[in-house]
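I opened the notebook to log a walk through one model. Entries follow in the order I looked things up.

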Amino acid sequence: MRNLSNILKEDRLYFWSNSIGDIFLPGSTPLHSGNPSGLPPAQRELYEGWQSKEGSCNRYVVSFNGKPAMAFGFIFDEDFIARIMGLDRDDPNTKDLAHSVRGVLFRAIKAYARYVENSFPWTGIEALAGEDIEGSAHELYVIVPYEKRKQIDRVDQFLVDAFFEVARNFSSLLVQATEKMGYCVEGEERATNRKPKYIITNTPGLLAVELLSDLENGSATANGDRSSQYFRVAHGSADISKEVSVALIEYLPPLKGMKEEGYYGIHIVNNVSDESCDLEFTDDLSEEGLVKLLTEILYGLENKK
């Protein structure tokens, strides 16, 4: 595992594309283009073969230490901490507490980074972990070298549980840290004594992108509506093997030209409690509406006792 902060300062990591396919050519204004002809040959091959929004993780075509590679990127901020700890984000003390335990979160990220590298010793992949990048967020990039490009999709699938694994590491480390640091969450109640029923392992914005990108990969409904696969959004605090997962269903108007707008459905499977499956709906087919609904669903979970 390498220090991302130092690598960025030394300009050893260059992004030729972002996760949605925008191309960035050196010495010019960032160019949004579907034509990768200006990319170096190896980066162009990576872009045309693997720069996709269909995967489970954000992908970037990069140069690392001057060599072509594909990067998978993850951002962990204070909101991520609040969700894991089951904190009320409207409580003024939440921000201070989340800020105070950022160091614990970074330890959890580093532990996961080492786990990733040890899981793929034959690929030569490297994990770059950075603390407080551009503010208070930690970042993690997993680099797959050009020579191992055939393994990109396999690594992508391995990283599906990145947020879950970091959350689990963080929760374990926090139990140890709070005993020494004595942080309080509610009045005199210690953070270790607050036991939310659910540990949230995803964020509404990222989850919306993942679900939209995965449409058509799930089973179509009886009416032929597209759906995504199921994505884990939370696990039980008492039993992390039990989880809450959701899938996206796209409901289009029955006939083209109808005034009725389409909408999204979120199918929720909750194995943590004895609740039956649930189906929630948006008002339209906008990404903003989807993010709003996912925010309500996750907020509802993290506040259940």
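Are Phe-76 and Phe-80 buried or exposed? I looked, and both Phe-76 and Phe-80 are buried. I use buried for under 20% relative accessible area, exposed for over 50% and partly exposed for in between, with a 1.4 Å probe and protein chains only.

**Ground rules.** I am working on a predicted model, where local features need pLDDT of at least 70, side-chain atom pairs count only at pLDDT 80 or more, and totals for chains, interfaces and linings use all residues. Residues are numbered from 1 along each chain as its sequence is written, and side-chain values use heavy atoms, with hydrogens and water left out.

**Aromatic pairs.** I searched the whole structure and got 14 aromatic pairs. Rings of Phe, Tyr and Trp (its six-membered ring) pair if their centres lie within 6.5 Å; planes under 30 degrees apart are stacked, over 60 edge-to-face, and the rest tilted. I checked Phe-76 with Phe-80: the pair is edge-to-face, at 5.2 Å centre to centre and 75 degrees between the planes. Phe-76 also pairs with Phe-163, and this pair is tilted, at 5.1 Å and 50 degrees.

Which elements hold Phe-76 and Phe-163? Phe-76 lies in strand β4 (residues 67-76) and Phe-163 in helix α7 (residues 162-181), so their pair ties together parts 87 residues apart in sequence. Helices (H or I, at least four residues) and strands (E, at least two) are DSSP runs, numbered from the N terminus. I noted a relative accessible area of 0% for Phe-76 and 10% for Phe-163, which is buried too. Ring pairs link Phe-74, Phe-76, Phe-80 and Phe-163 into a cluster.

**Charges over rings.** I next looked for arginines over ring faces. A charge counts if NZ of Lys or CZ of Arg is within 6 Å of the ring centre and within 35 degrees of the ring normal. Arg-149 lies over the face of Tyr-146, 4.0 Å from the ring centre. Arg-232 lies over the face of Phe-164, at 3.9 Å.

**Ala-71.** I stayed with strand β4, where Ala-71 is found. Ala-71 is buried, at 0% relative accessible area. Contact here means heavy atoms within 4.5 Å. Leaving out residues up to four places away in sequence, Ala-71 touches Asn-58, Arg-59, Tyr-60, Val-62, Tyr-141, Val-142 and Ile-143. I also took the C-alpha separation of Ala-71 and Leu-140: 9.7 Å, for residues 69 apart along the chain.

**Helix α2.** Which residues of α2 are buried? In this helix (residues 41-50) I listed Ala-42, Gln-43, Leu-46, Tyr-47 and Trp-50. Seen down the axis, they fall within an arc of 140 degrees, so they line one face of α2. The arc is that of the directions from the helix axis to the C-beta atoms. The face turned away carries the exposed residues Pro-41 and Glu-48. The buried residues of α2 pack against β3, β4 and α6 (152-158).

**Positive phi.** Most residues other than glycine have a negative phi. I logged Asn-65, with phi near 55 degrees. Asn-65 lies in the loop between β3 (58-64) and β4 and is partly exposed, at 34%. I logged Glu-216 as well, with phi near 85 degrees. Glu-216 lies in the loop between α8 (204-213) and β10 (231-236) and is exposed, at 56%.

**The sheet.** What is the strand order of the open sheet of five strands? I read β9-β10-β11-β12-β13, with antiparallel pairing. Two strands pair if DSSP finds at least two bridges between them. β9 (198-200) and β13 stand at the edges, each with a single partner strand, so one side of each has no neighbour in the sheet. The twist averages 30 degrees from one strand to the next. Four bridges join the antiparallel β12 and β13. His-267 stands opposite Leu-279 in β13.

I then checked the helices on the sheet. α8 touches β10, β11 (243-251) and β12, at about 55 degrees to the direction of β11. Helix α9 (residues 287-302) touches β9, β10, β11, β12 and β13, at about 20 degrees to the direction of β12. Axes are lines fitted to C-alpha atoms, for helices over the stretch in contact, and angles run from 0 to 180 degrees between N-to-C directions.

**Ser-273.** My last entry is a loop residue, Ser-273, between β12 (263-270) and β13 (278-281). Ser-273 counts as buried, at 12% relative accessibility. Not counting residues up to four places away in sequence, Ser-273 touches Lys-197 and Tyr-198.
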